[in-house]
Amino acid sequence: MIKVRIPTPLRPLTKGQGEVETKAGSVVEMIEALNSTHPGIKDRLCDETGELRRFVNIYVNEEDIRFLTGKDTPLKDGDEVSIVPAIAGG
Amino acid sequence: MEFTEEQINRYSRHILLPEVGGKGQKKIAKSRILLVGAGGLGSPAALYLAAAGVGTIGLIDSDVVDLTNLQRQVLHHTPDVGRPKVLSGKEKIQALNPDVLVSMYEERLTAGNALKIFGDYDVVIDGVDNFPAKFLINDACFFAGKPLVHGGILRFEGRVTTIIPKKSACYRCLFKAPPPPGLVASCQEAGVIGVLAGIIGTIQATEALKLVLGIGRPLTDRLLDFDARKTQFREIKVRRNPNCALCGEHPTITELFDDGDPYAGCAMRPSA
């Protein structure tokens, strides 16, 4: 299983859960899997063309996927994924 | 400059620290720190920097104090409702420590005024409540070559990172651009647990003092994330992005610009 950390702004979609578990072989598969159990999450993470939105970052085991292989970054059992959107309050 | 006996007493707990000492306290006394936003994050930062004996604190804020601010903006008190935040802030800072000079800028930060103001300071602290201003501060610090301590709070989550332009990852390396209005909660409807502003704002003040003193390891290339519900800090590795539009190898941002209307999409004007 992959452990996914859900940021505060997306928690309304996960019934308030800060962490969810899912099965996926890559980041893109993870987004699809999350969207099937928590509909609407994909729209929050990806734009109309399916690309990751510019103010959302995804980290696999604390490494930014932009410095790995992006959405195709492979995932394996036990990996931890963090979704980190920009937050602006001050 | 020499300290008076009273100042030596006032700052004795700093002077006792080998990392600070009389020499470090003088660096603090000569330092100039700019707070962009005298709200949730700016309030605790201003109070601790004032107590620490920072020579000059700059306050930029165009707002007046609103009753909804008082739940977290501890620089402002109940009788200040309706008064300019910079004025209310200056009074509290100088009541706490008359050694501190306060420069007030009762205006919005814009691409037009940012570089001129930033040029007068050693460190900039981001305490603003909207994405366009956060990107503008990042860009202005890059062009002015000023270290920036970025902070953000929302609901129960807070973030801090320190940016040394051209040396460490900037805010645009981390997030390319502001989200379109309405997509990410950045307005007052999302709410924030008040004390979170104190936690994040005081970490920002700590970072600013470390930069002034030249001690320790700054929070560069690291995004510190705090979850108040779990009382958990997490550090996310950040890297300079070679494709960054601002500080990358082929920059496309070559001058300051106002990146959208900070209040577009908000039902009401937010009060941080």
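Followed along the sequence, the elements of chain A come in the pattern β-β-α-α-β-β-β. Chain A is as compact as a globular protein of that length, because its radius of gyration of 12 Å is close to the 12 Å that the globule rule gives for 90 residues; the radius is taken over C-alpha atoms, and the rule is 2.2 Å times the number of residues to the power 0.38.

This is a predicted model, in which local features need pLDDT of at least 70 and side-chain atom pairs count only at pLDDT 80 or more, while totals for chains, interfaces and linings use all residues. Residues are numbered from 1 along each chain as its sequence is written, and chains are lettered from A and ligands numbered from 1 in the order in which they are written.

Next, select Lys15(A), which sits in the loop between β1 (2–5) and β2 (19–22) of chain A. Most residues other than glycine have a negative phi, yet the phi of Lys15(A) is positive, near 55°. Why does Lys15(A) count as exposed? Lys15(A) has 8 C-beta neighbours inside 10 Å, and a residue is exposed with 12 or fewer, buried with 20 or more, and partly exposed in between, the C-beta atoms being placed from the backbone.

Finally, move to Glu62(A), in the loop between β3 (56–60) and β4 (63–64) of chain A. The phi of Glu62(A) is also positive, near 70°, and Glu62(A) counts as exposed because it has 12 C-beta neighbours inside 10 Å.

Methods: Helices (H or I, at least four residues) and strands (E, at least two) are DSSP runs, numbered from the N terminus.
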